[in-house]
Amino acid sequence: MTGVPASAGGGTGRPAPGGKLGAAAVNQASLWNIANILTMIRLALVPGFVMLMLQDGGYDPAWRAWAWAAFAVAMITDIFDGHLARTYNLVTDFGKIADPIADKAIMAAGLICLSALGDLPWWVTGVILFRELGITLMRFWVIRHAVIPASRGGKMKTLAQGTAVGMYVLALTGALATLRFWVMALAVVLTVVTGLDYVRQAIVLRRRGLAAQRAAAADEAGNNAGNAGNAGNAGKKR
């Protein structure tokens, strides 16, 4: 989130006139930061990628090369928008929601197109998409208690998936076609393993969060009972 310098309020330390309205304007303006713009570009690339991928029946090497370029740009913006948001404090509510949607959308588009064209078995697409959707829902399931951090395995999974899908998008032959099979196999293994690890983390974090809530509720009840007892004793002394 971007902030407002003191001089914007006159440099006096007092709230500027129409403080609430001014704060709303700042929050609205902060939506258009570079990190969010890159996320929007990635979202816009999804339909463009699909159109390029399916041109002339989906088997023209030239169109597939253009589709690969669109996919590569989307993957690169995925790296930079998160880094910029964290480094320059540009995290917004829009970004928190739109960024994972954009990530999943471009990957889902690539996998579904490849399976529809017969280049990739549907079960591979199903495993990856089931994992991605399930982990996204699980993050929302535990978000009240904690945030599941991105793990090194998760980053490796993302890299493997992006590399594998990119290699399948290109019309590769020979040794490169064999190599992409093994890269995709690695991506599937990492997808399953990291997915199970996220499930474990989510269960642990939710249990801890619920335990902390119960402890806080018990402390609050004890404090309320103590305050009520003190009030009653004070009334008797009167």
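D56 sits in the loop between α2 and α3. Helices here are DSSP runs of H or I with at least four residues, strands are runs of E with at least two, and both are numbered from the N terminus. D56 is exposed, with a relative accessible area of 55%. Exposed means over 50% relative accessible area, buried means under 20%, and partly exposed lies in between, using a 1.4 Å probe and protein chains only. The backbone at D56 has a phi near 55 degrees, a positive value in a residue other than glycine. Most residues other than glycine have a negative phi.

A word on the model itself. It is predicted, so local features need pLDDT of at least 70 and side-chain atom pairs count only at pLDDT 80 or more, while totals for chains, interfaces and linings use all residues. Residues are numbered from 1 along each chain as its sequence is written, and side-chain values use heavy atoms, with hydrogens and water left out.

Now step back to the whole protein. Its secondary structure comes to seven helices and zero strands. Along the sequence the pattern reads α-α-α-α-α-α-α. The protein has 238 residues, and 33% of them count as buried. Contact means heavy atoms within 4.5 Å. Among contacts between residues at least 6 apart in sequence, 75% join residues at least 24 apart.

Next, see how the helices pack. Two packed helices are described by the angle between their axes and the distance between the axes. Each axis is a line fitted to C-alpha atoms, for helices over the stretch in contact, and angles run from 0 to 180 degrees between N-to-C directions. Take α3 and helix α4, which spans residues 93-116. Their axes come within 11 Å and cross at roughly 155 degrees. That makes α3 roughly antiparallel to α4. The cut-offs are simple: angles under 35 degrees count as roughly parallel, over 145 as roughly antiparallel, 65 to 115 as roughly perpendicular, and the rest as oblique. α3 passes α4 in a left-handed crossing. A crossing is left-handed if the near helix is turned anticlockwise from the far one by less than a right angle, and right-handed if clockwise. On the α3 side, the contact is made by R64, F71, A74, M75, D78 and D81. On the α4 side, D99, D103, I106, M107 and L114 take part.

α4 also packs with α2. Here the angle is about 15 degrees and the axes are 9 Å apart. That makes α2 roughly parallel to α4. This crossing, too, is left-handed: α2 passes α4 that way.

Zoom in on α2 with T39, which lies in this helix. T39 is buried, at 2% relative accessible area. Leaving out residues up to four places away in sequence, T39 touches D81, A98, D99 and A102.

Which residues does M107 contact, leaving aside its neighbours within four places in sequence? They are F71, M75, Q161, G162 and V165. M107 belongs to helix α4 and counts as buried at 7% relative accessibility. M107 and E132 are 25 residues apart along the chain, and their C-alpha atoms are separated by 9.7 Å.

W66 is found in helix α3. Is W66 buried or exposed? At 57% relative accessibility, W66 counts as exposed. Its C-alpha lies 10.0 Å from that of G48, which is 18 residues away in sequence.

The structure holds two aromatic pairs. Rings of Phe, Tyr and Trp (its six-membered ring) pair if their centres lie within 6.5 Å; planes under 30 degrees apart count as stacked, over 60 as edge-to-face and the rest as tilted. F49 and F71 have ring centres 5.8 Å apart and planes at 45 degrees, so this pair is tilted. F49 lies in helix α2 (residues 34-54) and F71 in helix α3 (residues 61-87), so the pair ties together parts 22 residues apart in sequence. Both F49 and F71 are buried.

F181 and W182 form an edge-to-face pair, 5.1 Å centre to centre with 80 degrees between the planes. F181 is partly exposed at 46% relative accessible area, and W182 counts as exposed at 56%.

The charged end of R180 sits over the ring of Y168, 4.5 Å from its centre. A charge sits over a ring if NZ of Lys or CZ of Arg is within 6 Å of the ring centre and within 35 degrees of the ring normal.
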